[in-house]
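Hello,

Here is the structure I promised to pass on to you. Please have a look at it first, and then read my notes below.

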Amino acid sequence: MIGKSAKSSMVNGLLVLLLLALASPGYSELVIRVTKGNDQPTKIAVAPIAMGGVQAKEDISAIVEADLRRSGLFETIERRDMLAFPSRATDVYYRDWRLLGAEYLVAGNMQRIADGRYQVEFSLLNVSGQKTVLTHKVSGTLSQMRDLAHLISDKIYEEITGIRGAFSTRLAYVTATRINDKYTYRLNVADADGAREKLVLESREPIMSPAWSGDGKELAYVSFETGRPAIFRQNLVSAQRQQLTNFSGLNGAPSWSPDGKQMALVLSKDGNPEIYLLDLQSKQFSRLTRHFAIDTEPTWMPDGKHLLFTSDRGGTPQIYKLNIATKATERLTFSGNYNARPSLAPDGRTLAMVHRQSDTFHIASFDLKTGRMIELTETRLDESPTVAPNGAMLMYATKQGDRGVLAAVSLDAGVRYVLPSSSGDVREPAWSPFLR
Amino acid sequence: MKVSFIKSGLSALLLAALLTGCSSNPVEEQQTSTDIEDTSVQTGQVDTSAIDESTVETVTADTVFYFDFDKALLKPESRAALLEHAASLQSNPRNVRLEGHADERGTREYNMALGERRANAVKEFMVLQGVSPGLIEVISYGEERAAAYGSNDDAWALNRRVELK
């Protein structure tokens with residue numbers, strides 16, 4: 001009888017919709033609010049791009065300004081204060097910009113270069129040095145104006161800070177909305193600024209733990225659509241997907257290996273949660289941990305030879321390091337009675353995690369070399385840290401009132417912003433790798 | 001024919017006993033012709049509701065059991081109800097599902113593990129009482145399906161639970 005009802009809930013689960021291509025037009029659900037910026041932001045003016053008669057729906061310069069502001073490292077000069085809108089380096093009167101206190105100026109213009117393709121040429125100018133530090137061309141179709149804007153932001157950010165920009169990356173996250181005690185779970189992908197949200201999967205049953213493949217083309221996640229948790233992988237372009245696990249008990253916490261050939265995951269089929277490796281080619285599972293405690297939340301180290309994971313084998317949840325070849329484990333965290341969900345920065349050294357201090361859950365960073373732990377967040381129910389591929393910011397889930405929202409903080413805790421959602425609880429952000 | 005028995009007012013208890021007898025002979029049923037088997041399956045469905053009616057007393061026992069934060073130890077107050085369910089499952093074996101849950105604090109996958117650990121604690125208790133482990137399916141929802149909403153001690157206490165279904 002139970003078997004039958006489980007089957008009928010499977011049928012209900014098949015209400016699951018694969019709606020990858022369904023983009024919400026125009027407005028995004030996530031709107032950025034910078035709550036704390038750098039103490040000494042660089043002042044930059046982004047003059048409106050001269051459009052040369054091209055009708056574009058997006059204001060490229062405004063997107064670039066918003067990107068730079070959101071990084072917390074820049075203060076932008078308001079368009080209405082600008083004395084001129086130069087469109088190329090030769091049009092610039094540096095004095096105009098010195099008066100406004102600008103350290104840098106961006107000037108650019110757009111032109112049509114071929115059927116359906118448009119090119120933006122832009123220059124970054126150092127105002128006090130009165131020189132052009134960068135001139136670059138980017139091109140795309142009219143529907144790619146946001147991509148062009150983020151690419152321009154990436155170039156400017158890298159030129160000034162020396163750090164590769166991550167404005168062209170994306171976020172995956174889960175939303176849950178409840179109407180009359182019925183939940184709808186959605187897995188979405190959006191630009192790093194929250195715009196152009198696209199639905200990847202919708203279900204009445206929980207969706208959890210999205211994880212990007214190393215090439216940024218696929219997501220792995222946990223879906224309960226069969227009535228039980230199972231791990232799926234899904235191609236974001238073709239929307240093709242595949243169920244990877246179907247064991248009794250937990251099927252969770254997928255994490256792709258850096259080379260994309262294996263997946264670390266958690267199964268409890270043998271009695272309690274253990275870390276396994278799945279060879280994606282041969283479909284063979286191999287067990288890595290052997291302990292009666294909870295072992296979960298594996299994440300790869302950049303060398304592809306070690307995993308970090310959460311275990312309560314010492315009595316409380318703490319972060320451990322596992323050598324895949326020898327299966328030797330080593331406890332890494334000792335400060336506090338709850339350290340979980342490790343997320344490694346691309347430097348391979350800075351570890352973000354959920355850390356409990358008295359009765360609140362913060363995001364903390366932990367230096368694997370020095371063992372120094374720093375609390376990065378101040379709210380009380382913070383979880384699911386995910387570090388941007390350039391290591392500048394990390395995103396996490398927190399609560400505003402009773403509502404789940406995504407927030408970001410820089411790894412030095414100097415910059416923060418919140419992405420409030422217009423509907424439902426937003427949770428479990430996963431920051432994509434670099435996509436180009 | 002059995003439906004008419006029910007209509008004629010055969011006591012639910014007697015009916016339940018009759019049906020239990022039927023369902024404990026599945027091999028015989030399979031040996032009979034397809035038509036008869038179909039009939040017995042249909043009858044079985046009617047019988048299920050009859051069994052439910054006859055076990056109303058058992059169903060009144062609590063089906064939700066609560067836990068402390070980051071703990072999977074059964075609380076003493078859960079014991080009486082669990083003993084009742086265990087006895088009922090032994091005298092009237094049926095498939096049940098234990099759904100483990102956690103409050104929203106802590107990480108989601110760890111809470112999945114915690115929810116499973118709690119449901120397993122309930123399962124182990126019932127198995128020790130003599131319930132066949134094969135009757136019990138354990139599934140964890142972690143913190144994904146809150147019973148009470150809000151980020152406070154009262155809501156959290158209601159969410160750290162195992163539900164018997």
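To start with the two chains: how many residues of chain A are in contact with chain B, and with how many residues there? On the chain A side there are 30, and they meet 25 residues of chain B. The elements of chain A that give two or more residues to this side are helix H1 (2-13) and the strands E10 (207-212), E14 (251-256), E18 (295-300), E22 (339-344) and E26 (383-387). Sorted by class, the chain A side has 15 nonpolar, eight polar and seven charged residues.

Please keep in mind that this is a predicted model. Chain A has an average pLDDT of 91, and 91% of the residues score at least 70. Over residues 1-29 of chain A, however, pLDDT stays under 50.

The largest nonpolar core holds 97 residues, and Leu171(A), Leu265(A) and Leu394(A) have the most contacts inside it. Its largest share, eight residues, is supplied by helix H7 (residues 108-128) of chain B. A second, separate core has 36 residues, including Trp97(A) and Tyr118(A).

One more helix to look at is H2 (residues 60-70) of chain A, where nine of the 11 residues are buried. Charged residues are among the buried ones too, including Glu65(A), Asp67(A) and Arg70(A). After H2(A) comes Gly72(A), with a positive phi near 80°.

Enjoy exploring!

Conventions: Residues numbered from 1 in each chain as written. Chains lettered and ligands numbered in written order. Predicted model: local features only at pLDDT ≥ 70, side-chain atom pairs only at ≥ 80, totals over all residues. Core = buried A, V, L, I, M, F, W, Y, C linked by C-beta atoms within 7 Å. Buried ≥ 20, exposed ≤ 12 C-beta atoms within 10 Å, placed from the backbone. Helix = DSSP H or I, 4+ residues; strand = E, 2+ residues; numbered from the N terminus. pLDDT = per-residue confidence, 0-100. Contact = placed C-beta atoms within 7 Å.
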